Amino acid sequence: MRKIIVLFIAVFFIFTVKVSAEQPKFEFDQKGLEKAYKLVDQKQYKQALKVLEKLVPFDEDSINEAQRIDKIVLSDVYFNMGFCFGNMGDDANMLEFYNKALNVFGEHQATIYDLARYYRSKGENDIAANLLEKLININVTHDWAFVMLGDIYDEKGDFTKAKDYYKEAARLGNEEAETKLSGEENRQ
């Protein structure tokens, strides 16, 4: 019996090593990532885009077999590219790269939140609300998603739902939600 268990563990180990070796491992240039993120923080979007574009040197189709961490990093690179384009007023490229980010890793929270903000700014509150609900399903502590949902429902005249969303955001420590709740009480 002991030999069977040892043999099973050995076969399992060999299979695991082989499968993980078959998954492509992408090596992201850490210094390049840091430089790009610093340029984004400094609002030097054109320079950041040049660096970010160099961080995607591999065949994008092979990312489907990549490890989860690689997908998250690539999604973040695409998000930052979209963010740069958005801040430069290029909505078409912003949306293209945000969609790329979500195609690689559908739970990228910053992308979902920024898309919700974008659609809200365009008056497409139903799309924004759907994105925010998706975000809350991913992260129930995303207080700003609750605040924006509260704002959407406040504008729709559904003050009960708005208040519920503001209360949840305030419970999570969002001061803006607390201020909005105070305003709701004064309005009633």
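Helices (H or I, at least four residues) and strands (E, at least two) are taken here as DSSP runs, numbered from the N terminus. The structure is a predicted model, in which local features need pLDDT of at least 70 and side-chain atom pairs count only at pLDDT 80 or more, while totals for chains, interfaces and linings use all residues. Residues are numbered from 1 along each chain as its sequence is written, and side-chain values use heavy atoms, with hydrogens and water left out.

The chain contains ten helices and zero strands, and its pattern along the sequence reads α-α-α-α-α-α-α-α-α-α. Of its 188 residues, 40% count as buried, a term that means under 20% relative accessible area, with exposed meaning over 50% and partly exposed in between (1.4 Å probe, protein chains only). The chain exposes about 11,500 Å², of which carbon and sulfur atoms supply 53%; accessible areas come from the Shrake-Rupley method with a 1.4 Å probe, and for residues only the protein chains shown count as cover. Among contacts (heavy atoms within 4.5 Å) with a separation of 6 or more, 53% join residues 24 or more positions apart.

The loop between helix 2 (30–41) and helix 3 (45–54) holds Lys43. Most residues other than glycine have a negative phi. Lys43, although not a glycine, has a positive phi of about 60°. This residue, Lys43, is exposed, with a relative accessible area of 61%.

Two packed helices are described by the angle between their axes and the distance between the axes. Axes are lines fitted to C-alpha atoms, for helices over the stretch in contact, and angles run from 0 to 180 degrees between N-to-C directions. The axes of helix 2 and helix 3 cross at roughly 160° and come within 8 Å. Helix 2 and helix 3 are therefore roughly antiparallel; angles over 145 degrees count as such, whereas those under 35 are roughly parallel, those from 65 to 115 roughly perpendicular and the rest oblique. Helix 2 passes helix 3 in a left-handed crossing, meaning that the near helix is turned anticlockwise from the far one by less than a right angle, with clockwise giving right-handed. In this contact, Gly32, Lys35, Ala36, Tyr37, Leu39 and Val40 of helix 2 meet Tyr45, Gln47, Ala48, Val51 and Leu52 of helix 3. These residues divide into eight nonpolar, two polar and one charged, where Ala, Val, Leu, Ile, Met, Phe, Trp, Tyr, Cys and Pro count as nonpolar, Asp, Glu, Lys and Arg as charged, and the others, Gly among them, as polar.

A further pair is formed by helix 6 (residues 109–121) and helix 7 (residues 125–138), which pack at an angle of about 160° with their axes 8 Å apart. Helix 6 and helix 7 are therefore roughly antiparallel to each other, and helix 6 passes helix 7 in a left-handed crossing. Contributors to the contact include Ile112, Tyr113 and Leu115 of helix 6 and Leu131, Leu132 and Leu135 of helix 7. By class, the contact of helix 6 with helix 7 has eleven nonpolar, two polar and two charged residues.

Two individual residues complete the account. Asp70 lies in helix 4 (residues 68–87) and is buried, with a relative accessible area of 2%. Asp70 and Phe28 are 42 residues apart in sequence, and their C-alpha atoms are 8.2 Å apart in space. Lys163, in helix 9 (residues 159–171), is partly exposed, with a relative accessible area of 23%. The C-alpha atoms of Lys163 and Ala177, 14 residues apart along the chain, are separated by 9.1 Å.
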